[in-house]
Number of protein chains: 2
Amino acid sequence: MAVYTQVSAEALGAFLRGFDVGELVSAKGIAEGVENSNYLVETSWSRFILTLYEKRVAASDLPFFMALLDHLAARGNRVPPAIPDREGRIIHELEGRPACLIEFLPGLSVSHPTPVQARAAAAAMGQMHASLVDFTLERPNALGVDDWRPFFDRCGRAIDSIQPGLYDHVDRAVDKLLAAWPRHLPRAAIHADLFPDNVLMLGDQVSGLIDFYFACTDIRAYDLAVMHGAWAFDATGAHYDAAVGSALVEGYAGNFPLLDEERAALPVLAEGAALRFFLTRAWDWLNTPADAMVTRKDPLAYLHRLDFYAEHGATLFA
Amino acid sequence: MAVYTQVSAEALGAFLRGFDVGELVSAKGIAEGVENSNYLVETSWSRFILTLYEKRVAASDLPFFMALLDHLAARGNRVPPAIPDREGRIIHELEGRPACLIEFLPGLSVSHPTPVQARAAAAAMGQMHASLVDFTLERPNALGVDDWRPFFDRCGRAIDSIQPGLYDHVDRAVDKLLAAWPRHLPRAAIHADLFPDNVLMLGDQVSGLIDFYFACTDIRAYDLAVMHGAWAFDATGAHYDAAVGSALVEGYAGNFPLLDEERAALPVLAEGAALRFFLTRAWDWLNTPADAMVTRKDPLAYLHRLDFYAEHGATLFA
């Protein structure tokens, strides 16, 4: 959420001369996205996002992400593909980092989605899944079901410092989810992080899906489960919005068929998604100094979701 | 250099409906400027910078800053004035902070200014000073000559932790400058922080002077002295670029008369400017945890300038 690598005006001007995009007019470092450095770049022709990939995105994963965006954009999805330079290359190096020049999309991320907005966003996910049925590249989910146990063990008993008794509680949840995980469900390329932050909207219309840097190959319906947990609760995780929750499932299913077995598995998939975000938030919470200039996101917000889905999941998605 | 206050899409949309600026299309938090929260906002009509003022800018100073920008813009200087809302107000409140919607200016800050660029930027300062001769509002310089001794005493002996012997060295410099300070020189409203960061350029042309939040009433030629120290050295302060230094004085004097007594005082004014930035950098250095996610700027870069001006100032500006 900061600019980690500074790009001088001189270096940026030289970089852009490799592209057929007009003359550099403005560039502002923007505070957005996962741990990358992003600039909003304006040329005499158009606007772009320049992303320099920091440690959290592996350079070796960029071809997967860029092929995915290109595939989706070619099929009419509103996603920001990378711009090729004059020689057709899309992955570059700038200031010692892998870098891509990416199409700018208008729109804003809503903080409190309405059911109408949730339906539109889930419909965009359905359209995305439909477009990806013939996408053949694969990338393992680095935060998938098989990573939860080792990840939890790395957090260890320190988890109890967040809330007493938390370790044993989550320990049982990990065991339960590993046993119940519906590994037989259809797999596909998924976004895996479609929070409201990552959906640009103009009013009630979706103008862009962004930040595909957790995209991977996993159970397709898990994508909807992640989205459900991200959209249908308030920030504390304590309050579920049933109208938003229903709108998500209906919006998705209107654009892509949700199999009976997928729908039946949504409670456990949603529990898994809640656990996945609980684990990374807990890790960040335990490993970020309280006085650091980054906002620590409360892991308990995802514990509340986990417990909510465990208790109400069966009726929720019926 | 971060976004401290989050503005939701919903709150921003409501805020903009108070202005005659078109529909909200995009907003990106930008990592720029002093310790404010800034958004690059696009509407169906134009682009703007939305600034929310954090602790470092006092709300009571905003009328001075905004009147200054308005005065300068009305006289053809390329500065970003605040946009009035439908009722003519320019200072608002948003998310609990004072906030202004400000004109967006194109251009980029150069990292390694050439003499041609330095001349253009100093000429813009000269034009600005010419436009301010009839600007009558006053604001004391919170980091002016009378603040250096108390500020230095607050840093105290801890200064020696930056470099052994530094306290005594700077202590003598403070004494020398307080005795030598040319208090009789003409005073006016000045920018007081016209670093390359705060000058937007398109090629060799100045497209904007920005970030007036240190603007104040002080010795007019001190403004040029601040600029000289900021532009004519490399980042370490160890290397002086004589061509840039000369271009600054010539560019300025081409647009605003530099009196003989002002020119004669430039060495001591430049020493004072170097001390002023040394002091704030030393303070930040001593009070910022080494592992904080902000870049600490090396105070020694301004010690080098201070020493350089003390040794070479007399011949430098002759």
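1. Contact here means heavy atoms within 4.5 Å. This is a predicted model: local features need pLDDT of at least 70, side-chain atom pairs count only at pLDDT 80 or more, and totals for chains, interfaces and linings use all residues. Side-chain values use heavy atoms, with hydrogens and water left out.

2. In chain A, His228, Gly229 and Ala230 of helix α6 meet Tyr302, Arg305, Tyr309 and Leu316 of helix α9. By class, that contact has four nonpolar, two polar and one charged residues. Helices (H or I, at least four residues) are DSSP runs, numbered from the N terminus.

3. The axes of α6(A), residues 220-231, and α9(A), residues 300-316, come within 11 Å and cross at roughly 115°. Axes are lines fitted to C-alpha atoms over the stretch in contact, and angles run from 0 to 180 degrees between N-to-C directions. The pair is therefore roughly perpendicular (65 to 115 degrees).

4. In chain B, α4 (residues 145-155) packs on α5 (residues 166-180) at about 160°, axes 10 Å apart. These two helices are therefore roughly antiparallel (over 145 degrees). Residues making the contact include B:Trp148 and B:Phe152 of α4(B), with B:Val170 and B:Leu177 of α5(B). The class count is eight nonpolar, no polar and four charged residues.

5. Between the chains, 31 residues from chain B and 31 residues from chain A take part. The buried area (accessible area, 1.4 Å probe, lost on being put together, summed over both) is about 2,600 Å², 62% of it on carbon and sulfur atoms.

6. Two salt bridges link chain B and chain A (side-chain nitrogen of Lys or Arg within 4 Å of a carboxyl oxygen of Asp or Glu). B:Arg47 forms one with A:Glu42, the closest N and O atoms being 2.2 Å apart.

Technical notes
Residues numbered from 1 in each chain as written. Chains lettered and ligands numbered in written order. Parallel < 35°, antiparallel > 145°, perpendicular 65-115°, else oblique. Nonpolar A, V, L, I, M, F, W, Y, C, P; charged D, E, K, R; others polar. Buried area = accessible area lost by both parts, 1.4 Å probe.
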